[in-house]
Amino acid sequence: MVNTTENAPAEIAAGFHAFSDPLRISILELLRDRELCVCELCEILDVSQSKLSFHLKTLKEAALVRARQEGRWIYYSLNIPQFACLEQYLAEYRRFSPILPARSCNEAS
């Protein structure tokens, strides 16, 4: 069976979609060191809160970040188990997917 994005679990597809934007990658890079609140992320990245919120929503939907509220502030951190899931998904291609030569189009029928 061919494993395409249509067949991949939604979490895997959402995870790789989240990696498709440079700002989201920057957010993840910042969260590698420590938990940060929205105001800190806005300041460091020099983006508006509405723009940041859009990207954080994508990262949360992909389960790559966790959010916790403390008072009126929301703090974000990496959800390491989800990174492990994506890493394992990719590792399956490396370990178990031999590259077979294509069959001739005449043989395919």
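Me: With which residue does arginine 68 form a salt bridge?

Reply: This is a predicted model, in which local features need pLDDT of at least 70 and side-chain atom pairs count only at pLDDT 80 or more, while totals for chains, interfaces and linings use all residues. Residues are numbered from 1 along each chain as its sequence is written, and side-chain values use heavy atoms, with hydrogens and water left out. A salt bridge here is a side-chain nitrogen of Lys or Arg within 4 Å of a carboxyl oxygen of Asp or Glu. The closest N and O atoms of the pair are 2.7 Å apart, and the partner of arginine 68 is glutamate 35.

Me: How many residues apart in sequence are the parts that arginine 68 and glutamate 35 tie together?

Reply: Helices (H or I, at least four residues) and strands (E, at least two) are DSSP runs, numbered from the N terminus. Arginine 68 lies in strand S2, whereas glutamate 35 lies in the loop between helix H2 (22-31) and S1, so the parts tied together are apart in sequence by 33 residues.

Me: In what order do the three strands form the open sheet?

Reply: Two strands pair if DSSP finds at least two bridges between them, and S2 and strand S3 (residues 73-78) pair in the antiparallel sense over six bridges. The pairing in the open sheet is antiparallel, and the order is S1-S3-S2.

Me: Which strands stand at the edges?

Reply: A strand at the edge has a single partner strand, so one side of it is left without a neighbour in the sheet. The strands in that position are S1 (36-37) and S2 (65-70).

Me: Is threonine 58 buried or exposed?

Reply: Buried means under 20% relative accessible area, exposed over 50%, and partly exposed in between (1.4 Å probe, protein chains only). Threonine 58 is found in helix H4 (residues 49-61), and, with contact meaning heavy atoms within 4.5 Å, it touches His17, Ala18 and Arg24, not counting residues up to four places away in sequence. Because its relative accessibility is 11%, threonine 58 counts as buried.

Me: Which residues of helix H1 are buried, and within what arc do they fall?

Reply: In helix H1 (residues 10-18), the buried residues are Ile12, Gly15 and Ala18. The arc is that of the directions from the helix axis to the C-beta atoms. Seen down the axis of H1, these buried residues line one face of the helix, because they fall within an arc of 125 degrees.

Me: What percentage of the residues in the chain are buried?

Reply: The chain has five helices and three strands, which follow the pattern α-α-β-α-α-β-β-α when read along the sequence. Of the 109 residues in the chain, the buried ones make up 29%.
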